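Look at the sequence and the model below before reading on.

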Amino acid sequence: MAGVDRAEQLRRFGRSVLEGARSEQVRRLARQVNAVSYTSAREYAGRSLFELLQNGYDAHPRGRCDGQVHVLLDEEEGEWGTLYVANGGTPFAWRNVERVCELAQSSKAVGEGIGNKGVGFRSVLLISDAPEIFSADPDGPNGPELDGYCFRFAHRGDVEAFLGDEPNAHEVAAEFPPLQVPLPLDEVPAICRELAAEGHVTVVRLPLLNEAARAEVRLRLRELAEAKAPVMLFLDRLASLTLERRATGGEAAERWELTRSEERFATTGTAGEQLAVSFATVDLGLSGTFLVARGSVEKERLNSALDEAVGLGLLDDTWQRWTSSAAVEIAVPLPAVRRPRRGQIYTFLPMGEDLTAPFPGHVNAPFFTKIDRTGLPSEHPLNTLLFDAVAETCLAAAAMLRAVPQAELGRLAVDLVSWESGKGSAGLLRAAARRVHGSDLADVPLVPVLAADDAKRDAAWASPRVAILWPDLELTVLTTHRAHASGVVVADPAVGGERLHRLAATCKSLACPLEPDRETLAGHVERIVATLPRPASRPAPSSPAAPRPRSAPRPDAVLDQWSELYEDLAVLFQDDGHVLRGRKLLLAEDETLRHANHPAARSSFPRKVSCRGARREAFFQPVRADMNLAEAPSVPALLGKRLFSLHPGLVWNDHSKRGRRLPARAFLEDAGLVRPFDMRGLLDHVRQALGASTDHRLRLQTLRFVFRLWQPRRSLGGTTVSSLGLYVPSVDGRLIKASDGVFGKGWGRGSVGEDLATVVAAGQDVSKNLKVIAEHLIAAPDEFVKRGDTSDEWRAFLSESGVADGLVPVSSPDAQRWADGQDLTTRQLVRMAKVALTVREQWEPYIDRPWSHASYPRTSYQGSPAYQLPGQDVVERLGHSARLAYARLVLHGLAHWEDMYFTSTWTSAGSRSTDRERALTPLAAFVREQPWLPVRGRDRAVRFVRPADAWHCPPGLEEEPAYAPTVDHRVRHLLELDKARDRLREMLARGARRPQRRGHGC
């Protein structure tokens, strides 16, 4: 068709559109189109150049790879400059003219190019109100002439002129939509001819609106040129994109040439029968080189997703005209970068910056996007399908790259499967693995691991279930390679720490972590330590030294390595040293490998010899500064057999810093793995040995050893004697825990053991509690005191060990300790205490709680024990001397017992404010109300009365009153103890129900 005919065709079409403006119905529609046009333009704000570039790309037919686009801003042309966008694709045909003039109509088939919405061209309205298009003859040979459809669009003045004298011509022209009416152009501007001469067949010319439009175009030109996500990466129809700015006022011009070339990349691996993947290398010049993997979504899967979207009203039915499979592309930098970063999501061109790919690469697929292509609805059925396909393509491509021997491609294989957690990544990968590999992803060999040099290629990869990521720390001995040599399947550090950590994050999201837990890591370390060389034993002085094999390392070098091992442990398990307890890690002085200490506190049951850590206890070599070795008692033989010292050649102090301890020593001590050879360390060893052994001789030797340590200063430093769990001999020859023992006969005036022995002898046949005491009376001093000792020293030491002196209050082990507030009455308290009938009769009348006083009747309360005295239920059945002894024991107890023995306290649990309900104990009721205190009356005979019925004569009184029952002189001195006297007076004052006659202060 001749040029004049094309111009006439444009005129006729334009007039037919304008004729419609005379119709009121068309004008109403025109007003709507006008509003939608500018609304659509605003939706594309900032994306005009992208849309023009997209149109230029789509103008090149599929299969071409030599296309070209030129974007030129000439700031000297026009008031604000003029933008030109030229392409070397297919010239405008008539159907293109029609579609560009119609809103939301595109001549491109669905899935064939970048855009198919038919609204992107309207984005130019934000920068120009007078677009022009110049194109070559679509029917002629593409030459240097733009002699095809050349036109502009009618503006307000054209519409108003066409309507002429119509009464509302001005109003109609103002509301007429833009880009609707093509009008032919006769002259081709010079720059258009220049671009045509370079081989471009279509040029879009946009005189800019204002300064803001020019600034916008400048900004977007630079963004295209310097984009973080390379613009040309997936534009496979283009070979070049030229970006140019011709400045004004002597300002330097700018020009950027973006290029693209592609070569097929062959691999020998396969991804299975489920998914075919092809590779290509794409060279973008200064923007780098990328490896692109291409997969596809078969037509059946695609149709199913499209039908679902159409059925939900998310797509119109034109999408069901998609006739081919959908292509999915992924791209990663080549060579593999040292620190990979997340890439961008594309729909041929990069989408919004916040739409990043889930792995360190770029993704391209025909997603359904927002109108401006900066975002996409992730739950859309089409997008869901395409993301599934992206995951499948990544796994399939990674499988093929793992079979290639080049290390660079192995790194890329790791990148392709290292997806960020979140947004359902784990689920996508799991589903993709079942489709691509037919197995769970955790069983797929995703992890590059260390392997022997002559191993097959597949041995260099392992599944996350098998492989571990060795800690990326500065270690000297416990290195990744040494772990590999000991049989551990470890990730290859040559792949890069950051890359492996990204892969580890993916595996963690799959509930199959690469990073081992601390217990597992400790087990691997134990395996490594077992492989380390040990120093050769030194020959005896009388024998000639045997020559050392050439291959054997120097002993000093071996010891240095062991010292470095413990420094590594301090780094590797800085806050988790407890996981090393009981593991075979320590080089002993006899050059054997021994177990680290394993404190019994780590077990949930008493540890005996069979437990993993119940071996010989580890100690550092003795250091004179740690303990006065000359004065310290020697360690008993049986205790010594349960310990060993570390090798004397190990280094624990930094001699360059005045001997300051190295971190390794502090770590081993703090973690309880090795004890220092000082008092505290030895005492900890004593505690552990006593907890693990039932050996009679060991217990006796330990008792005397600790006494010798305590004796010089009557102290064990910061350790309490009672915490050691010492054993002491009882009167019947058994060894009992010191904390269960009670002083008996022979321990002198500093003890009430004689009185207790008297009471026990008299009452053990009628009182279970007294019988229990009889079994816990410790032996006489003769069993303890040796040459140089005194019984006073031993008595003081045994008291600190936990041996009790006198009556120790007890409570029923079956007592109920929880009750509702409404049940805290006399009757219920007695029932819950589970006491004997006699004790109940002594106690119940004095509780004085006929009803509960609790603030929270329906709230649970927790009670403290209702203590009683051993033998209080049988004291009246004892002989005279035993009752006197019992009275002295009670008065002794009043001076020493804690307050909790006298009052049972019930505390509300979970209430808004705490309520405490108190009741006296059986012990308190006995002391206050029972006849246990000996007095002498007028006949001077001794009888036993309640404390309220006794008179106490203070010291200095020359003669006792004959008319009053006064406290027997054999117990009177005990009432002179302030605490005993005051506590008794307080109890009597609280329990007074009627006036009582009292003596002086009783």
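Among contacts in the protein chain between residues at least 6 apart in sequence, 68% join residues at least 24 apart. This is a predicted model. The chain contains 29 helices and 32 strands. It has 1002 residues, and 52% of them count as buried. Its accessible surface is about 46300 Å², and carbon and sulfur atoms account for 49% of that area.

Helix α14 covers residues 497-509, which is 13 residues. At 1.5 Å a residue, the helix should span 18 Å; the end C-alpha atoms are 19 Å apart, so the two values agree. Which residues of α14 are buried? They are Arg499, Leu500, Arg502, Leu503, Ala504, Thr506 and Cys507. An α-helix has 3.6 residues a turn, so residues three or four places apart point the same way. After α14 comes alanine 511, which has a positive phi, near 60°.

Next come the aromatic rings. The structure holds 27 aromatic pairs. In one of them, the ring centres of tryptophan 794 and phenylalanine 797 are 5.6 Å apart and the planes stand at 90°; planes over 60 degrees apart count as edge-to-face, so this pair is edge-to-face. Both residues belong to helix α23 (residues 791-801), where they are three residues apart, about one turn of the helix. Are tryptophan 794 and phenylalanine 797 buried or exposed? Both are buried.

Tryptophan 897 and phenylalanine 902 make another pair, with ring centres 6.3 Å apart and planes at 55°, so this pair is tilted. Tryptophan 897 has a relative accessible area of 6% and is therefore buried. Phenylalanine 902 also counts as buried, because its relative accessibility is 8%; the cut-off for buried is under 20%.

Rings can also form a group. Trp794 and Phe797 belong to one aromatic cluster together with Phe707, Trp710, Phe743, Trp747 and Phe784.

The charged end of arginine 6 sits over the ring of tyrosine 149, at 5.2 Å from the ring centre. Arginine 883 lies over the face of phenylalanine 944, and here the distance to the ring centre is 4.2 Å.

Key
Residues are numbered from 1 along each chain as its sequence is written. This is a predicted model: local features need pLDDT of at least 70, side-chain atom pairs count only at pLDDT 80 or more; totals for chains, interfaces and linings use all residues. Side-chain values use heavy atoms; hydrogens and water are left out. Helices (H or I, at least four residues) and strands (E, at least two) are DSSP runs, numbered from the N terminus. Buried means under 20% relative accessible area, exposed over 50%, partly exposed in between (1.4 Å probe, protein chains only). Contact means heavy atoms within 4.5 Å. Accessible areas come from the Shrake-Rupley method with a 1.4 Å probe; for residues, only the protein chains shown count as cover. The expected span of a helix is 1.5 Å times one less than its number of residues. Rings of Phe, Tyr and Trp (its six-membered ring) pair if their centres lie within 6.5 Å; planes under 30 degrees apart count as stacked, over 60 as edge-to-face and the rest as tilted. A charge sits over a ring if NZ of Lys or CZ of Arg is within 6 Å of the ring centre and within 35 degrees of the ring normal.
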